[in-house]
Amino acid sequence: MSMMNEDAGKSAPGYTPFHPRWYRPHVSVYWWLGEWHYLKFILRELSSVAVAFFVIETLFMLSALHEGPEAYAHFQAVLRNPLVVLINIISFLFVVFHTITWFNLAPSAMPVRMGGKKLPEALVAAPSYVAWVVISAIVCWIVLH
Amino acid sequence: MADKITLEIARYSPEHDQEPHFQSFEVPVHKEWVVLDALNHIKDTVDGTLTYRWSCRMGICGSCGMMVNGEPKLTCATFLSSYAKNGEKIRVEPLRYFPIVRDLVTELSDFLAKLKKVKPWLLPKDEPPLAQGEFLQTPEQVDRYKQFSMCINCTLCYAACPVVGLDPVFVGPAAIALAQRYNMDSRDQGAGERTAILAHPDGVWGCTFVGECTRVCPKHVDPAGAIQQYKIAAVLDWLKSFVAPRGA
Amino acid sequence: MAKPSNEAFFWMLFSAGGVVAALLIPVQLFLFFIAFPLGWLQAPSHDSLISLVRMPLVRIYLFILCSLPLFHWAHRFRYTLYDGLKVKHLTGLIFVLCYGGAVVGTAIAACLLWTI
């Protein structure tokens with residue numbers, strides 16, 4: 001049974017003896033600017049835009065690669081544009097932010113139990129970082145040779 | 001440290017007010033006083049109409065949750081001295097994202113309805129006969145759900161969660177954590193009965209892992225962790241439903 | 001016993017995309033879009049790069065790199081619009097734009113990597 005008074009706060013003044021007029025605070029669309037924790041959360045979510053940007057850039061690069069050496073050289077020239085470099089540096093920071101927050105949060109979703117107890121989250125997150133470094137090194141080695 | 005501190009307390013009377021407003025009170029700072037002591041002092045000696053919930057004053061009943069300087073806190077566990085030494089005022093408001101009944105009292109019936117919907121009680125399939133004796137659990141079996149059982153229903157997590165504020169039908173951190181407490185209990189076989197409400201867009205899928213609920217929880221329940229763990233279980237369950245279709 | 005909502009499927013894609021993005025995108029972005037353009041490292045020539053990309057395993061690697069993170073973006077961005085702009089009532093339109101975008105990107109990636 002819900003006694004939610006939909007007009008609470010909007011109806012005419014007057015106290016109803018059998019049902020008080022509750023005040024319903026309004027949540028602003030700028031709620032995420034109200035607190036640092038909320039802002040950090042929204043920035044983390046917006047890192048997905050940097051992820052999508054990287055994929056689109058990569059698809060353009062593959063398309064230029066396919067078209068031929070001239071198209072590829074032109075694409076590389078575009079990448080050298082200072083504005084493009086700046087956008088890529090910002091994207092890189094966001095993507096690394098994604099990686100770090102992802103690895104740090106994953107252990108809460110998949111707790112590892114040993115000896116009847118939950119392992120500390122930092123310990124569970126550590127192998128992800130190791131894997132990240134190793135895989136990055138392998139990619140570097142393949143691309144640079 | 002100053003010997004007095006100012007509390008700015010949200011007041012709202014449904015009989016007279018259209019919206020809440022703040023009223024300032026000066027209270028003495030005693031080393032051992034918490035915000036709840038200050039509220040009781042005001043009610044006893046200054047303004048008897050100040051209305052708020054409290055009970056055990058030791059952090060176990062979950063009644064005295066309020067916003068203190070914008071943070072959800074148990075007022076029985078928040079010391080005046082931590083604000084006094086910085087020369088700050090203390091702003092006390094009712095818990096965020098709930099309708100306000102009067103002054104610092106929030107309307108909890110929506111939360112209680114959500115809690116009831118997740119069936120936070122043991123649902124054993126076949127009740128063994130009494131003669132068989134008690135359920136036995138190893139320490140490991142207890143450890144699987146113990147953290148989630150520490151919830152005192154204080155609703156600080158609801159005041160911290162922006163999704164609760166933005167989406168009134170979201171089931172919410174404490175209810176999901178408590179459902180998971182029973183799903184993880186070896187004596188319970190009711191996980192299937194909780195699927196409809198939990199693995200629903202208004203259930204766990206509305207959660208975007210902001211993590212504020214876990215940060216403010218006074219009993220370290222980690223509701224965010226409980227929710228993400230349930231999401232993984234729901235994904236496995238969803239995949240299994242294709243391999244082994246179940247009846248209605 | 002009820003079946004979990006199909007949201008489970010999209011969350012699964014979001015998670016898989018999140019893992020791929022976390023592990024692979026930083027180094028790929030750094031190499032191709034920062035280090036090579038700025039000359040910090042010697043960029044591969046067109047010929048050596050295209051012969052690398054044409055290897056079957058690399059085609060598969062690039063396909064995964066270009067498809068799963070798009071689904072990660074789609075899910076996360078969809079909920080950011082719901083919560084950040086309070087537009088949950090436009091859920092149908094947002095769903096189509098986000099996942100549709102991911103599907104289009106995946107299709108383009110598939111085409112490119114098949115024919116390159």
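Let's start with chain B: 43% of its 248 residues count as buried. Keep in mind as you look around that this is a predicted model. Along the principal axes, the C-alpha atoms of chain B fill a box of roughly 65 × 40 × 30 Å. Among the contacts in chain B with a separation of 6 or more, 68% link residues 24 or more positions apart.

Next, find the sheet. Five strands of chain B form an open sheet in the order S2-S1-S5-S3-S4, and their pairing is mixed. Strand S2 (21-28) and strand S4 (71-74) of chain B are at the edges, each pairing on one side only. From one strand to the next, the twist averages 35 degrees. For a look at one pairing, go to strand S3 (residues 65-68) and strand S5 (residues 90-93) of chain B, which run antiparallel to each other and pair over 2 bridges. Here Met67(B) stands opposite Glu93(B) of S5(B). Packed on the sheet is helix H1 (residues 35-45) of chain B, which touches strand S1 (4-11), S2, S3 and S5 of chain B. The direction of H1 makes about 100 degrees with that of S2(B).

Finally, turn to the place where chain B meets chain C. Here 19 residues of chain B are in contact with 14 residues of chain C. On the chain B side, the elements giving two or more residues are helix H6 (162-166), helix H8 (191-198) and helix H10 (223-243). H10(B) gives the most, with 6 residues. By type, this side of chain B divides into 10 nonpolar, 5 polar and 4 charged residues.

Key:
Residues are numbered from 1 along each chain as its sequence is written. Chains are lettered from A and ligands numbered from 1 in the order in which they are written. This is a predicted model: local features need pLDDT of at least 70, side-chain atom pairs count only at pLDDT 80 or more; totals for chains, interfaces and linings use all residues. A residue is buried if 20 or more other C-beta atoms lie within 10 Å of its own, exposed if 12 or fewer, and partly exposed in between; C-beta atoms are placed from the backbone. Two residues are in contact if their C-beta atoms, placed from the backbone, lie within 7 Å. Helices (H or I, at least four residues) and strands (E, at least two) are DSSP runs, numbered from the N terminus. Ala, Val, Leu, Ile, Met, Phe, Trp, Tyr, Cys and Pro count as nonpolar, Asp, Glu, Lys and Arg as charged, and the others, Gly among them, as polar. Two strands pair if DSSP finds at least two bridges between them. Axes are lines fitted to C-alpha atoms, for helices over the stretch in contact, and angles run from 0 to 180 degrees between N-to-C directions.
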